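This report walks through one structure for a first-time reader. It begins with the overall layout and then turns to pockets, surface and backbone.

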Amino acid sequence: MSAARAPRASSRAAVASAEAVPARSERRKSSRKAPRRELDDSALVHLVGYAASRAALEMRKVFSRHMEPFDLRIAEFTILMLVATNGDVNQKQLGDALDISPPNMAVPPPGWVARGWVERVRSTHDRRAQHVVLTARGRALAERTRRISLTMEEPALAMLSAAERALLIELLRKIARSGDPATG
């Protein structure tokens, strides 16, 4: 009699186990996040700063995708381009261009000397000052990343004509200069 009950008990366990599997998968489905709902931002659309910030978030994503292989962030890329374009520049000039105070400004950025991208050269005019100068390796990096930067934003800005892009850049630069007493 006990031998007859054993198969029934194991078959009951199999049935119970089979019933438990769908219950578990249903629980997983119910615990999944609901589709993301867009929020109503109509109370913010009149703000240029809000629109500029939202656009900047998208453009940062584009920048990261293209410059991450070079281990460059936006400020570092900016420093690279400014040094490549302006030759002898010092920490104060770069800090002013990036609106970063000298104590918070690491020029060259950490690791650049070790990577062979830049070297520090003492100024011939002011012995206290040091200039940041690109090495041959640094110039090659600057040229390669500059070429990438010329086209990396194309897909994100495809809905704008060339004239609209130029106008957008002009208007944003005008706003950025408005805080500068020398140009405002």
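## Overall layout

Helices (H or I, at least four residues) and strands (E, at least two) are DSSP runs, numbered from the N terminus. The model is predicted: local features need pLDDT of at least 70, side-chain atom pairs count only at pLDDT 80 or more, and totals for chains, interfaces and linings use all residues. Residues are numbered from 1 along each chain as its sequence is written, and side-chain values use heavy atoms, with hydrogens and water left out.

The protein has seven helices and three strands. Along the sequence they run α-α-α-β-α-α-β-β-α-α. Of the 184 residues, 20% are buried. Here buried means under 20% relative accessible area, exposed means over 50%, and partly exposed lies in between (1.4 Å probe, protein chains only).

## The largest pocket

A pocket is found on a 1 Å grid over the protein atoms alone: it is an open set of points where a 1.4 Å probe fits, with protein on both sides within 12 Å along at least five of seven lines. Lining residues have an atom within 4 Å of a point. Grid points are joined across faces, edges and corners, and the volume is the space filled by probe spheres set on the points.

The largest pocket has a volume of about 2,000 Å³. Its lining holds 36 residues, and Ile74, Glu153, Ile169, Leu172 and Arg173 lie nearest the centre. Five helices each supply at least two lining residues: α2 (48–67), α3 (74–86), α4 (91–98), α6 (136–151) and α7 (162–177). Helix α2 gives the most, with eleven residues. By class, the lining has 24 nonpolar, three polar and nine charged residues. Ala, Val, Leu, Ile, Met, Phe, Trp, Tyr, Cys and Pro count as nonpolar, Asp, Glu, Lys and Arg as charged, and the others, Gly among them, as polar.

Isoleucine 74 belongs to helix α3. It is partly exposed, at 37% relative accessible area. Its C-alpha is 8.2 Å from that of serine 64, which is ten residues away in sequence.

## The second largest pocket

The second largest pocket has a volume of about 180 Å³. Arg36, Arg37, Glu38, Leu39, Asp40, Asp41, Leu44, Tyr50 and Arg54 line it. That lining has three nonpolar, no polar and six charged residues.

## A nonpolar surface patch

Val48, Leu168, Leu172 and Ile175 form a nonpolar patch on the surface, with about 360 Å² of accessible area together. Areas come from the Shrake-Rupley method with a 1.4 Å probe. Patch residues have over 30% relative accessible area and no salt bridge, and nonpolar side chains (Val, Leu, Ile, Met, Phe, Trp, Tyr) are joined within 5 Å. A salt bridge is a side-chain nitrogen of Lys or Arg within 4 Å of a carboxyl oxygen of Asp or Glu.

Helix α7 gives the most to the patch, with three residues. Leucine 168 sits in α7. It counts as partly exposed because its relative accessibility is 39%.

## Positive phi in two loops

Most residues other than glycine have a negative phi. Aspartate 71 has a positive phi of about 60°, although it is not a glycine. It lies in the loop between α2 and α3.

At 73% relative accessibility, aspartate 99 counts as exposed.

Methods:
Patches are made of residues with over 30% relative accessible area and no salt bridge: like charges are joined within 9 Å, nonpolar side chains (Val, Leu, Ile, Met, Phe, Trp, Tyr) within 5 Å.
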